[in-house]
Structures are given as structure tokens and as C-alpha cells.
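Hi,

Here is the structure I said I would pass on.

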Amino acid sequence: MSESGTSSDSNRSEGHRRRRRLLLGVAGGAVLLTAAAVLASTGIKSPAQAAADAGPPPADVLTAPVERRVLTDSLVVRGTVVAGQTLTVAPVVAGGGEGGAVKPVVTKLPLKAGKTFKGGQLLVEISGRPVFALKGRIPAYRDLKPGAEGDDVAQLQRALSALGHGTGTDAPGRYGTGTKAALNALYRALGYEPQPAQPDAEESTKAAQATVTAARRAWQDTEPGVARTRASEDYAAARAELAAIEARSGPMLPVGEVVYLESFPARVDSLGVRLGGEAGTEVMTVSAGRLVVEGNLAPHEKGLVRAGLKVLIHSELTGTEAVGRVGPVTEGIAAPAAPGASGAEQEGQTQPENGGLPGFTMHVTPDEPLPPELAGQDVRLTVQAASSDGKVLVVPVSAVFAGADSRTTVMVAGPGKTGDTRRRVEVRVGISGDGFVEVQPVRGGRLSEGDRVVVGETKAGAP
């Protein structure tokens, strides 16, 4: 074979190999494209198919732990700090003069609102006359003059003696010479002269003394016999008249110059006058005795409180906090609604003529004396209306469900975000407070501190 023939055969073989490789490459590419198309078709869905395949996301279970704690139920009401005794000073000033009654004018005002004072101290001077305070329970209702008798006289005697002005040998309850001397001493200590019980006592006494002198001389100058006997009788009558005038004479205690309070120190709660101004019907309000608090209860709240319950007293004005105890709860008209109360708060309430709200008054006695500046203030009262006996199992109120079978239950959630495993536990509920309720498992139910109970559900991804 020639060299040219061999070269031709070699060229044909190389051409066949190139065509085979090209065909194999084309076929492989087609296979790859087909596979890619198949894969792409599985990931592409029509809008209808996408909507059909879409479903709600799994729900998240909201749970809360079962706790063991002391549970209290609180009742919050409004109250007012008041004293055991409160009264208004409205002095009575005697009238006179050609122009008729004298207008009462404040001529001295030694005390300011909020100040304390003691027995025998001057409260105010009206038209030059004093008004002072003495210890006693019986209010002044009459002028006390020499010769008077009664419990109010005995009260005056005790008050004078307590201030160091003894009433001598006077019988308790009888205004005699010892009481005169003691009352004179009190007025001198205050810097005033007492008003006389008998305006013309001095002239009457002098006239009676002159009569006694003349009768004595007539008796002495008369010879024994009928005439002397008559002279002796005239002399005795003159002496008796002089004794009667002297008994009726002396200092008096006008009803408008004294205020009786049960205890001291007492307080000036408010002033209704100014120095130099006319004294109206209310000169000042004073109070005595321990400060207490009177709270207002609506009819549906009365059953939540009982005597002895703990009360937290809070003054928003001063920030003062104190602890007290519930005392008696009395029926009656509560204090008028606080200014600014909304119409919704008063809607449906029957307004009595005095503007108050029907209800009950809860009397609260503080454990420790309240500061005097709280007198008359509006305060917040938080009554611990119920308390568990030690620590108890509690759950949020939202975890308790009442079924159609009237059984009260909680749902204990198992592990996992969706709480797939749950068990229902029947419980008996106790007191509630601050959003929690006491629970006790019944019928063999198992519930322990640290268990998580279902309080609600929310969709995943929800805001």
C-alpha cells in the first residue's frame, strides 16, 4: 500500500470520531435541559394552586406559670380625715348702743389654721372680749352665774381646777365663792376682766350694806321690849338681803366666751375671718381628739369589709402613708362626691337633698396617730378585704374556664411551642386579687407550682 492510501484512511477515521463526540455532546445537553425543565416545573405553581396550598400558620399557645403566693383582695375607696370632735366657733356678742346691736369685729386673732392649742388658751378676741377653750364634753348652752347649779357647773369647776385655779370649798356643781375666785383668776391670766353677773351689783351692794348698818344701829339704840324685837328682825332681814346680793354678784361665764373640747391639744382646722373683719356665723372650725378616717362605701362594697381588716391610708397631697383598721360600718349618706367626679361615676346614683351619695360610712382607726395637717384632707383607702391563709396555688384569672358542665377547670400545657399535649384539671377557686385567683385541684387532679397553664392562643407572626 502506498503512503497516500494510508493517509486517506487515517483522515476518515479521525472525522468519524469528531462526529461521534459532537453527537454525544448534543445528546447530553438535551438530557440536562430536560432534567432542568422537569425540576423547574415542580417549583412553579399557578395562583390558584398557591392559594389552595396556603393554610393558617400553626398557633402559638400563651401560657403562664402556676405560682404559690399569699393572695390578697383589695378594695380602694375614698375617705376624709376627721377628728373625734369638730365644732364651729360662733361667738355671741351682746347688743347695745343707740344704733342697735353691735357688729362683732375680730380684734385679735392669735392662732392660724393648722395650729394646735391647749386648754385655757385664747382662740380669738371679738369686739374686745375673749373666746377661750376649756376641757369638757357638755357644750356651753347658758351663761353661768353665781348661784347656778348643774352638771355644766361641775364641768367648769373641773376645768378650772385642771388649770390650777382651785374652787375652794364649793360643792361640786354649785357656783359659790370658790368658783368665783377661780374664774376671776382665769380671766386675769388671759388679761381680761370678767363680765359681772349683775351689772348694778356694786351699787346694790353698797345700798344693802347701808341698810344693814342703819338696821344694826336702830337695834342697838332701841330699849328692850317690843320695839327692840322688831328692830332685831329688821336687822336680820337687812343682813339676809345683803348676803343674797353678794351671792348673786361676781363674775359670770358668758355662753359666747367659752368653747368646750373633749381633749387637748386641739387644732384649728379653718378660719372664716380675718383680723379687723366682721365675725360672721363661722369664725373658725376647731377639732379635738384622735384623727380618724371616714370612708365611703357603695351598697355593693359593704359586704367586702368587716371590722379589723387592715387599711392602707395614703394622702396624695402630702405623700403621707399610714396603716389602720376597719371599725364600725354605719348606714347613712356618704360624703358628697369629690369635685371633678365624672358623670359615668355618678350615673344611676340617686342624689339626696344634701348632695351626697347613698351608701355606708366605714370608720377607720389608724394604728398610730396621724399628723395634724391631715385633718380635713381627702385620702385614698386601700382595704385588704380578704387574704389567703398563707401561700396558696394561684393562676391568672384568664386561665380559669367554666365549661358547659358547670365545672371550673384549667388547661395545663405540655412541652412544645404549640402545646400539642394538654390536660384538663378541674379546680375549685378561692379568693382573687391583683389579676390572680386561688385554685385547688379536685377529683384527683394534679397541679403543681411551676406547671404552665393556657391563658390564650395567638397566630404565629401576629403582631
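Let me start with a charge sitting over a ring: Lys302 lies over the face of Phe360, 5.5 Å from the ring centre. There is another case with an arginine, where the charged end of Arg228 sits over the ring of Trp219 at 5.0 Å from its centre. Please keep in mind that this is a predicted model.

Now the overall picture. The protein chain has 463 residues, and 33% of them are buried. You will find seven helices and 22 strands in it. Take the contacts between residues at least 6 apart in sequence: 68% of these join residues at least 24 apart. The accessible surface of the chain is about 27000 Å², with 54% of that belonging to carbon and sulfur atoms.

As background, nonpolar side chains in soluble globular proteins tend to be buried together.

Leaving aside its neighbours within four places in sequence, its contacts include Leu75, Val77, Val293, Ile313, Met362 and Val364. Is Thr382 buried or exposed? Its relative accessible area is 16%, and under 20% means buried, so Thr382 is buried. With neighbours within four places in sequence again left aside, Thr382 is in contact with Ser74, Leu75, Val76, Lys310, Val311 and Leu312.

Then there is an open sheet of four strands, in the order 4-11-10-6, with antiparallel pairing. Strand 4 (85–89) and strand 6 stand at the edges with a single partner strand each, so one side of each has no neighbour in the sheet. Strand 4 pairs with strand 11 (residues 284–288) over five bridges, in the antiparallel sense. Within that pairing, Thr88 stands opposite Thr285 in strand 11.

On to the aromatics: how many aromatic pairs does the structure hold? There are two. One is Phe117 with Phe264: the ring centres are 6.2 Å apart and the planes are at 65°, so this pair is edge-to-face. Phe117 lies in strand 6 (residues 116–117), while Phe264 is in the loop between strand 9 (258–261) and strand 10 (266–271), so the pair ties together parts that are 147 residues apart in sequence. Phe117 is buried, with a relative accessible area of 2%, whereas Phe264 is partly exposed at 25%.

The other pair is Phe132 with Tyr187, with centres 5.5 Å apart and planes at 85°, so it too is edge-to-face. Phe132 sits in strand 8 (residues 129–135) and Tyr187 in helix 4 (residues 177–190), so parts that are 55 residues apart in sequence are tied together. Both Phe132 and Tyr187 are buried.

Finally, a few backbone details to look up. The peptide bond from Phe264 to Pro265 is cis, with omega near 0°; Pro265 has its place in the loop between strand 9 and strand 10. Ser127 is not a glycine, yet it has a positive phi of about 50°. You will find Ser127 in the loop between strand 7 (122–126) and strand 8, partly exposed with a relative accessible area of 30%. Arg443 has a positive phi too, about 55°, and is not a glycine either. Arg443 lies in the loop between strand 21 (436–441) and strand 22 (452–459), and is exposed, with a relative accessible area of 63%.

Cheers

Definitions and conventions: Residues are numbered from 1 along each chain as its sequence is written. This is a predicted model: local features need pLDDT of at least 70, side-chain atom pairs count only at pLDDT 80 or more; totals for chains, interfaces and linings use all residues. Side-chain values use heavy atoms; hydrogens and water are left out. Helices (H or I, at least four residues) and strands (E, at least two) are DSSP runs, numbered from the N terminus. Buried means under 20% relative accessible area, exposed over 50%, partly exposed in between (1.4 Å probe, protein chains only). Contact means heavy atoms within 4.5 Å. Accessible areas come from the Shrake-Rupley method with a 1.4 Å probe; for residues, only the protein chains shown count as cover. Rings of Phe, Tyr and Trp (its six-membered ring) pair if their centres lie within 6.5 Å; planes under 30 degrees apart count as stacked, over 60 as edge-to-face and the rest as tilted. A charge sits over a ring if NZ of Lys or CZ of Arg is within 6 Å of the ring centre and within 35 degrees of the ring normal. Two strands pair if DSSP finds at least two bridges between them.
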